Amino acid sequence: MTPRIRGNDYTSLNPPRIGAWTPTMRVSVVIPAYNNQAKLDLTLAGLATQTYPAELMEVIVVDNGSEPRLTLPELRPPGTRIIRCDTPGRASARNAGLAVATGDVIHWLDSDVVLDREAVEAHMRWHHLAPYLVVTGYLRFTSAELPSPQAVAAAQDLGVLFEPSEPHEWIVDLVERTGGLREHAHRTFSLHIGGCTSVNARLFEVAGPMDEQLFLGQDTEMGYRLAQAGAAFIPEPLARGYHLGPTMRMRNKEPITRVSHAFIADRIPQYRWLRSHPGRQWLVPYVEVVVDAAGASYEDVRATVDACLAGTVPDVAVVLTGPWDTLNPERRAPLKDPRLDLALIHGHYRHEGRVRLAREVAPTKAPFRLRIPAGWVPGEDTIARLVDLAIEDGYGLVSVLLAERPEPGAAAPGNGAPDAAATGTDAAGAGGGAGIVAARLERTAAFARAEIAREEGEDLVDVVEETFGTIWVDGESYGFVPAAEAPKIRGRRSTYRALQEAEAEVARLTKEVERLKGQVAKWREEAARWRKSAVEFRREIGSLRKEIGALRKNARENARGGFRSAVRRIPLAQYAKRAVSRKPKR
């Protein structure tokens with residue numbers, strides 16, 4: 001049984017120790033080379049002493065138009081040959097080597113890289129565990145004086161010859177911030193670099209060769225297609241090597257990035273920041289929507305397709321499946337044509353660049369494929385929300401419950417035509433099972449991996465569940481409605497006007513907020529003045545209270561002093577007379 005890793009978490013695989021296992025797989029080392037015979041000689045000298053069995057290794061040097069022609073030195077692996085590719089460009093040279101390679105694994109190697117003697121074995125110990133792996137080694141960049149090929153072959157430690165050196169900082173940073181590439185698996189394809197990466201040859205059967213239309217960025221674009229073919233990417237620190245001098249990107253980073261991004265944006269949808277334009281089309285869409293038009297009404301198909309194209313994900317392409325090659329519209333009595341709806345659908349979308357009419361669904365380069373039954377309409381942000389859910393939790397399949405499967409002959413969810421569920425077929429193209437109508441968002445890489453890993457007779461979705469995970473969600477919660485209940489799609493001008501009105505309202509509210517802020521500031525200043533006045537009033541009240549207290553005290557003292565002085569002024573004789581003249585109380 002093929003081992004199954006979850007997403008890109010390769011820790012479930014247990015590679016053997018270097019030198020403690022018996023290899024059986026053949027590897028083809030493909031080396032594109034242009035001029036610089038001296039560096040090529042060192043590269044081949046490093047391969048001549050590899051610990052991987054020589055009988056299981058072939059080396060293909062592709063001379064990419066060198067003048068004078070490159071030659072093979074005496075110090076080289078036994079199974080080394082040289083071929084000529086006069087079409088300029090690294091992609092063309094690698095494809096020429098790939099076309100004649102016979103190995104189970106293709107090991108890309110640049111002609112200015114010298115590998116440690118255990119590097120190829122370090123790569124191949126992984127490839128013996130699973131047939132869908134891409135392994136990348138660790139390069140260091142040296143400016144040391146070039147040694148002789150004999151010194152390279154004799155060296156037990158290449159560091160003696162090539163240190164001091166610098167690490168490949170970009171790769172080291174990528175590996176560290178993604179937990180060894182086990183996290184954020186949607187960007188692991190960036191690890192594919194042509195200088196020292198090995199790929200199971202089976203993956204090229206699905207992904208295809210390198211894109212020769214690109215003259216920069218070929219490695220990353222190839223890595224993206226390998227990911228969609230089901231690859232898992234593994235950094236291997238034991239596969240060490242030295243790059244003789246800096247890379248072209250190191251010497252001219254900004255100009256190379258400028259050129260690369262101009263082409264890569266069209267081919268790698270994952271680089272969302274390069275696709276900020278809301279209306280243009282791209283070579284590879286972010287989401288491919290599949291709608292089966294066979295047996296569906298024109299109104300239902302149009303409601304579904306138009307809603308998908310009008311959503312918040314701009315780079316969406318639609319595939320309408322149906323018997324288009326057998327369509328022969330009735331011209332004498334078109335309204336009586338039993339296939340009138342199919343003819344209307346064909347005529348309405350045949351010239352729409354974002355819609356393709358196909359008999360069957362073909363393999364896609366898009367990272368996501370959404371299957372929707374005709375007559376069900378996604379909301380404006382529905383597709384974006386489903387994709388976000390798949391990315392955030394790494395799901396390989398998001399199934400959307402739209403409705404319970406109606407009884408045979410029941411009305412369809414749209415405008416009256418029977419849907420796939422009502423006629424007993426699968427409404428979602430493959431989704432849901434008996435009793436329900438469903439849509440589903442498929443991660444292309446997950447289903448490709450499942451095709452490689454599944455056993456005969458095993459359900460593909462079960463393998464996707466094991467390797468990436470699946471989830472069911474409610475369609476209503478994600479904005480799906482039947483066509484009859486769908487709101488009218490706003491045109492671009494209506495959207496523009498609504499945006500202008502919203503921006504004007506925001507400007508008005510912003511101005512009002514600023515005015516209120518100014519008023520609040522005035523109120524705060526006034527409140528501060530009142531607080532200051534209140535403090536002064538409190539001080540004055542305190543002073544008055546002290547003065548009143550002093551006056552009260554003086555008044556009491558004065559009152560007591562006046563009584564005593566009055567008593568002292570009465571003569572004693574008069575006082576005695578008054579006392580005698582008083583009558584006694586009875």
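Okay, let's start with one arginine: Arg81 comes out as partly exposed, at 33% relative accessibility. Quick word on terms: buried is under 20% relative accessible area, exposed is over 50%, and partly exposed is in between, with a 1.4 Å probe and protein chains only. Before I go on, this is a predicted model, so local features need pLDDT of at least 70 and side-chain atom pairs count only at pLDDT 80 or more, while totals for chains, interfaces and linings use all residues. Residues are numbered from 1 along each chain as its sequence is written, and side-chain values use heavy atoms, with hydrogens and water left out.

So who does Arg81 pair with? Its partner is Glu58, in a salt bridge of 3.3 Å, N to O. By salt bridge I mean a side-chain nitrogen of Lys or Arg within 4 Å of a carboxyl oxygen of Asp or Glu. Glu58 sits in strand 2 and Arg81 in strand 3 (residues 80–84), 23 residues apart. Helices (H or I, at least four residues) and strands (E, at least two) are DSSP runs, by the way, numbered from the N terminus. Glu58 itself is buried, at 8%.

How many salt bridges are there by this rule? The count is 28. Another one is Asp211 with Arg267, where the closest N and O atoms are 2.8 Å apart. Asp211 is in the loop between helix 7 (201–207) and helix 8 (218–228), and Arg267 is in helix 10 (residues 253–267), so this pair ties together parts 56 residues apart in sequence. Asp211 is buried at 17%, and Arg267 is buried at 8%. There's also a network: Asp63, Glu67, Arg84 and Asp86 are joined by salt bridges that share partners.

Now have a look at Glu442. Its salt bridge is with Arg440, again with 2.8 Å between the closest N and O atoms, and both residues are buried. The side chain of Glu442 also makes a polar contact with the side chain of Arg371, at 2.8 Å. That term means a pair of N or O atoms within 3.5 Å; within protein, one must be able to donate a hydrogen and the other to accept it, and residues adjacent in sequence count only if both atoms are side-chain atoms. Arg371 is in strand 13 and is buried, at 14% relative accessibility.

Strand 13 (368–371) turns up again around helix 13, as part of what covers that helix's buried residues. Strand 10 (287–292) and helix 11 (298–309) are also among the covering elements, with contact meaning heavy atoms within 4.5 Å. The buried residues in helix 13 are Thr382, Ile383, Ala384, Leu386, Val387, Leu389 and Ala390. Just after the helix, Gly394 takes a positive phi of about 70 degrees.

Last topic, the rings. The whole structure has nine aromatic pairs. Rings of Phe, Tyr and Trp (its six-membered ring) pair if their centres lie within 6.5 Å; planes under 30 degrees apart are stacked, over 60 edge-to-face, and the rest tilted. Trp21 and Tyr52 have centres 6.4 Å apart and planes at 45 degrees, so that pair is tilted. Trp21 is buried at 16%, and Tyr52 is buried at 2%. Which residues do ring pairs link into a cluster? Those are Phe189, Tyr224, Tyr271 and Trp273.
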